[in-house]
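Trainee: I'd like to learn how to read a few features in this one. Could you walk me through them?

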Amino acid sequence: MVTQILAPLKLVSFEKIDTTIYATAEGACNATAAEIAALIKHKQRNGQIAVLGLATGSTPKKVYEALIRMHQHDGLSFKNVVTFNLDEYYSLQPDAIQSYRHFMEENLFNHIDIEKENCFVPHGGIPQEMVKMHCQDYEKRIEEFGGIDFQLLGIGRNGHIGFNEPGSHVSSATRLITLDHLTRFDAAYEFGSLTNVPRKAITMGVGTILKAKRIVLLAWGERKANIIQQAVEGPVTEFVPASYLQGHHNVEFILDESAANALTRKKTPWLTDDVLWNNGMIKKAVTHLALTLNKPILKLTNDDYNQNGLSDLLALYGQAYDINIEVFNQLQRTITGWPGGKPNADDTFRPERATPEKKRVLIFSPHPDDDIISMGGTFQRLVDQGHEVHVAYQTSGNIAVADDEAFRFIDFIKDYNQQFGISNAAADKMYAEALAFLKIKKNGEKDIEALRLVKGIIRRGEAKNTCRFVGISDCNAHFLNLPFYETGLVEKNPIGDADVNIITNLIEQIQPHQIYAAGDLADPHGTHKVCLDGIFEAMKRLKAESLKLKAESSELKAESWLSDCWLWLYKGAWAEWDIDLIEMAVPMSPDQVLKKRNGIFKHQSQKDGVVFQGTDSREFWQRAEDRNSATAALYNKLGLAEYAAMEAFVRWRY
Ligand code: F6R
């Protein structure tokens, strides 16, 4: 008799909320918009109104864009729709640029055929003594319309839904609340600075939200991954208000890959399902096991594998030692002090090719300081090791310069001219205009063009200073000033042809052997992602062009440099690659760490309380040092040599 041995079927779920993961936020938004549209149409057919609960913030924007498209191109009508927004800052008048009423008008209401009197947003400008009554009316009105049919939610990094901050009660109703520090921090870029962010808000309660017939919570990006894991897999607790949603009968979390990253099915998929044990999965499992047990890889035992859900993997190899040594060697081979390749060395197991010995290198830096912050040590090594290094600064970075800093420079020009008896009518005019504008500038208001230019020049000067410090000449610093960035506002345009053409032309002109780019998708303003999209699109076009050339004329010249061009991705200031993904780790000595710090200091406008601090109160040099030493410590924890710091890269195969 033949006994068939089947691998154990696991399919365990740690998730207490129905969760759908999409490849991209865009796909997820289209699906969400389609569900909303179907609801509206269903209600229309039955002569009923559809009551929508809406959210603001960066998360739902693309849902609104999709709904607007459906209205404009597919005839979706909103005549039978009533909306209730979750929240509003207090006290902000409805017409303030940062008010959620204004947000909704700009991002949805003004572009669809909804009756304006059917759009309800809590009023942030009413006197305090009327707030209680206003909140009760808000609740009553929702009930009069028969309750919310579909509630759209985002999630704060502290787990808030609406503005129900940690500590909110499960049955709380619409009310005035005090905003959490983290929430205010996250909103700082919309208001120009933390001090301008209101301290209070009116929000629907958790109880109000839970009464909705259907709830969909959206989350994108790695910054949301941890809180999503807690809300979906953790206990129901007032410390994570989104976890209350576990008690709702019809709720779904819709995530992109990055926001889902900390869920058990993504982080340790071998615990929830049968997995394909390819190289990447083995590396992920072994590094995770070692770090969880706090043991170097070479000390992991058969029991460690068996007792931690990795018996399948152990069965594949037979002995823990064989798995350990394989993964240890792989990690060891990612470490190199020769990011441009080691001349005359056997490069079979090295991250980079040994030839050509001297490479042309093109570093793309989304903002004028990302090169030095994120890969300053590697930048320095590439220059010291004799490669031809170019840096392309993709955006001017002008919105991150404080007004008084810009004014200091304008004032300098005026005093300089006066001192040396230079008459410069244009400079005098600019001084007068800037002075007049700054006196009346409102919070978050777009700068006049002259001021934006000055801010851009300040950042360009700082980048040039860093380049000289590292040792490359001015002509190898390329300032692309990509047009998508030049809105003067936090909100940028999407990447366009003009941007891609600029990037393509530069790559073609330099014909690099190596390109370094920011592969960071967690930039609070999304600029890094747009910059990366531009590079990907440029590479795609160059590849298509070279294939066409090859087919037409068997002309191999263009093809040869492109097929020999490797693209390395570094992370921006906000995160680091997972250890199992790193393909090149460049170590730094304590002296090199110090040198990098001094290189970052050249960006004076970005020191000491910068305009867009983001969600991290450390200065950029501190973030860089913490991150680089943490990467080195991780390698060391896994049993590899102990370095002071390390910069990490992943190779993108295009
Ligand atoms: C917005 C709201 C908040 C946001 C949350 C996420 O009306 O109530 O709960 O949904 O703060 O904000 P973003 O989407 O900007 O990350």
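Predicted model: local features only at pLDDT ≥ 70, side-chain atom pairs only at ≥ 80, totals over all residues.

Trainee: Is methionine 70 buried or exposed?

Mentor: The general idea is a cut-off: buried means under 20% relative accessible area. Methionine 70 has 17%, so it counts as buried.

Trainee: And which residues is methionine 70 in contact with, leaving aside neighbours within four places in sequence?

Mentor: Those are Ala33, Ala34, Ala37, Gly75 and Leu76. Take alanine 34: it is 36 residues away from methionine 70 along the chain, and their C-alpha atoms are 8.8 Å apart.

Trainee: Let's move on to charges. How many salt bridges are there?

Mentor: You look for a side-chain nitrogen of Lys or Arg within 4 Å of a carboxyl oxygen of Asp or Glu. Counted that way, there are 33 salt bridges. One of them pairs glutamate 252 with arginine 214, with 2.5 Å between the closest N and O atoms.

Trainee: Where do glutamate 252 and arginine 214 lie in the chain?

Mentor: In distant parts, 38 residues apart: glutamate 252 belongs to strand β10 (residues 251-256), while arginine 214 is in the loop between α6 (206-210) and β9 (215-219). Glutamate 252 and arginine 214 are both buried.

Trainee: What about glutamate 576 and arginine 627?

Mentor: Their side chains form a salt bridge at 3.4 Å, N to O. Glutamate 576 is in the loop between β15 (566-570) and β16 (584-588) and arginine 627 is in helix α21 (residues 620-637), so this pair ties together parts 51 residues apart in sequence. Again, glutamate 576 and arginine 627 are buried.

Trainee: Which residues do salt bridges with shared partners join into one network?

Mentor: Asp403, Lys441, Asp447 and Lys455.

Trainee: Last one: how far apart are the C-alpha centres of domain 1 and domain 3?

Mentor: The assignment gives domain 1 as 18-220 + 236-255, domain 2 as 275-334 and domain 3 as 360-652. The C-alpha centres of domain 1 and domain 3 are 35 Å apart.

Terms used
Residues numbered from 1 in each chain as written. Heavy atoms only, no water. Helix = DSSP H or I, 4+ residues; strand = E, 2+ residues; numbered from the N terminus. Buried < 20%, exposed > 50% of the residue type's maximum accessible area, 1.4 Å probe, protein only. Domains from an automatic or database assignment. Contact = heavy atoms within 4.5 Å.
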